[in-house]
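Reader: I have a model open and want to learn how to read it. Where do we start?

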Amino acid sequence: MYDYDLLVVGSANADLVIGVERRPAAGETVLGSDLAVHPGGKGANQAVAAARLGARTALLARVGDDAHGRLLLDAQRAAGVDTVGVLVGGAPTGVALITVDPSGDNSIVVSPGANGRLAPEDVRAAQSLLHASQVVSAQLEIPLETVEEVVRNLPSGTRFVLNPSPPRPLPAEVLAACDPLIVNEHEARVIAGDELGGAPEDWARALLALGPRSVVVTLGAEGALVAADGSMTRVPSVKVDAVDTTGAGDAFTAALAWRLGTGAALPEAAAYAARVGAAAVTRPGAQESYPTAGEVEALCGAGLGGNPRTPGRQGEPGEPARGASARGESL
């Protein structure tokens with residue numbers, strides 16, 4: 001019996017958000033709204049998203065001994081995340097500088113701070129958390145060698161989910177552990193090579209040839225492609241009115257990882273996760289936008305056992321299919 005449905009190993013940032021009428025060009029200054037500070041970071045986002053859905057969740061991360069670090073810890077605890085694995089000190093808390101325009105599109109610059117100090121030895125010291133978790137999820141806003149250490153210490157029977165964002169080439173050891181590897185088109189090209197061409201099915205084949213056990217390719221308005229067990233399944237999209245796409249991909253990944261831990265097949269988990277991402281973009285912010293399981297059930301008037309449909313944009317998991325204006329990156 002596992003103590004946790006999901007252990008997230010990843011980043012925790014303070015999101016500093018300013019609304020703008022349009023994003024500035026090079027060398028240009030624009031006026032924006034009052035500064036808003038929110039808890040964020042891909043790892044912290046995933047942990048909150050899973051906990052809101054009802055998953056027993058723990059977070060392994062590092063924050064600074066400062067006001068932003070306290071904000072992040074308070075947010076995790078309020079969502080029901082176990083913060084026993086959150087380390088404090090070593091550098092200031094990571095910060096993300098975000099501008100959001102009226103369409104919900106955003107631009108992000110991240111200062112890693114303490115996230116860059118989450119080290120392999122921290123993973124080795126957290127063996128009890130790894131062994132207590134049914135699924136482990138990671139991203140790449142922490143050092144790659146730390147993710148490699150997670151893979152090396154992954155207990156038998158524990159599933160590993162990776163969203164390689166921001167993308168970079170991955171060692172074979174990490175790729176072989178992914179079940180699934182969750183990528184958008186840009187991430188697929190970085191990992192499999194810029195010459196990647198053809199249809200999404202060809203991208204999935206190229207990625208599978210590198211060693212992951214399964215792959216999920218997000219396709220925006222066209223939904224997602226799930227490649228697993230020798231077959232490929234298209235998951236269609238849900239159309240919603242997006243308010244803010246920040247953190248939508250993290251909600252997608254967290255929900256998918258949790259549903260896999262409950263025994264769902266990968267296509268089913270991806271479809272459910274996409275509904276979670278769709279619900280998230282209808283509200284502003286990242287963590288504060290994440291839905292409960294009841295709110296996900298209400299989306300599209302379908303229950304968990306129904307036929308959930310998936311959102312997404314060209315590349316970003318969990319973002320809405322609402323035409324060319326549905327762009328943006330997620331933390």
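Author: Start with burial. Buried means under 20% relative accessible area, exposed means over 50%, and partly exposed is in between, using a 1.4 Å probe and protein chains only. Helices are DSSP runs of H or I with at least four residues, strands are runs of E with at least two, and both are numbered from the N terminus. This is a predicted model: local features need pLDDT of at least 70, side-chain atom pairs count only at pLDDT 80 or more, and totals for chains, interfaces and linings use all residues. Residues are numbered from 1 along each chain as its sequence is written, and side-chain values use heavy atoms, with hydrogens and water left out.

Reader: Which residues are buried in helix 2?

Author: First the general idea. An α-helix has 3.6 residues a turn, so residues three or four places apart point the same way. Now the case. Gly-69, Leu-72, Leu-73, Ala-75, Gln-76 and Ala-79 are buried in helix 2. Seen down the helix axis, these buried residues fall within an arc of 160°, so they line one face. That arc is taken from the directions from the helix axis to the C-beta atoms. Ala-67 and Ala-78, on the other side of helix 2, are exposed.

Reader: What covers the buried residues of helix 2?

Author: Look for contacts, meaning heavy atoms within 4.5 Å. The cover includes strand 2 (13–19), strand 3 (36–40), helix 1, strand 4 and strand 5 (86–88). Helix 2 also lies across strand 2, strand 3 and strand 6 (94–100), at about 55° to strand 3. For such angles, axes are lines fitted to C-alpha atoms, for helices over the stretch in contact, and the angles run from 0 to 180 degrees between N-to-C directions.

Reader: How do I check the length of helix 2?

Author: Take 1.5 Å times one less than the number of residues; that is the expected span. Helix 2 has 13 residues and should span 18 Å; its end C-alpha atoms are 19 Å apart, which agrees. Just after helix 2, Gly-80 takes a positive phi of about 95°.

Reader: What order do the strands take in the sheet of nine?

Author: Pairing comes first. Two strands pair if DSSP finds at least two bridges between them. Nine strands form an open sheet in the order 5-4-1-8-9-10-11-12-13, with mixed pairing. Strand 5 and strand 13 (231–235) are the edge strands, each pairing on one side only. Neighbouring strands here are turned by 15° against each other on average, direction ignored.

Reader: Parallel or antiparallel: how do strand 8 and strand 9 run?

Author: Parallel. Four bridges join strand 8 (residues 133–138) to strand 9 (residues 159–162). Within that pair, Val-136 has Phe-160 in strand 9 as its bridge partner. Helix 5 (residues 144–152) packs on the sheet and touches strand 1, strand 8 and strand 9; its direction makes about 160° with that of strand 9. Now compare strand 12 and strand 13: five bridges join them, and they run antiparallel. Their hairpin has two residues between the strands, and Asp-229 there takes a positive phi near 55°.

Reader: Which strands stand at the edges of the sheet of four?

Author: That open sheet has the order 3-2-6-7, again with mixed pairing. Strand 3 and strand 7 (106–111) stand at the edges with a single partner strand each, so one side of each has no neighbour in the sheet. The twist averages 25° from one strand to the next. Strand 2 and strand 3 run antiparallel, joined by five bridges.

Reader: Which residues touch the most other members of the largest nonpolar core?

Author: A nonpolar core is a set of buried Ala, Val, Leu, Ile, Met, Phe, Trp, Tyr and Cys residues joined through side-chain atoms within 4.5 Å. The largest has 49 residues, and Leu-59, Leu-256 and Tyr-272 touch the most other members. Helix 10 gives the most to this core, with nine residues. Another core, of 40 residues, lies apart from it and includes Leu-175, Ala-177, Leu-196 and Val-217.

Reader: Is Thr-253 buried or exposed?

Author: Buried, with a relative accessible area of 0%. Thr-253 is in helix 9. Not counting residues up to four places away in sequence, Thr-253 touches Gln-46, Ser-137, Val-161, Asn-163 and Ile-182.
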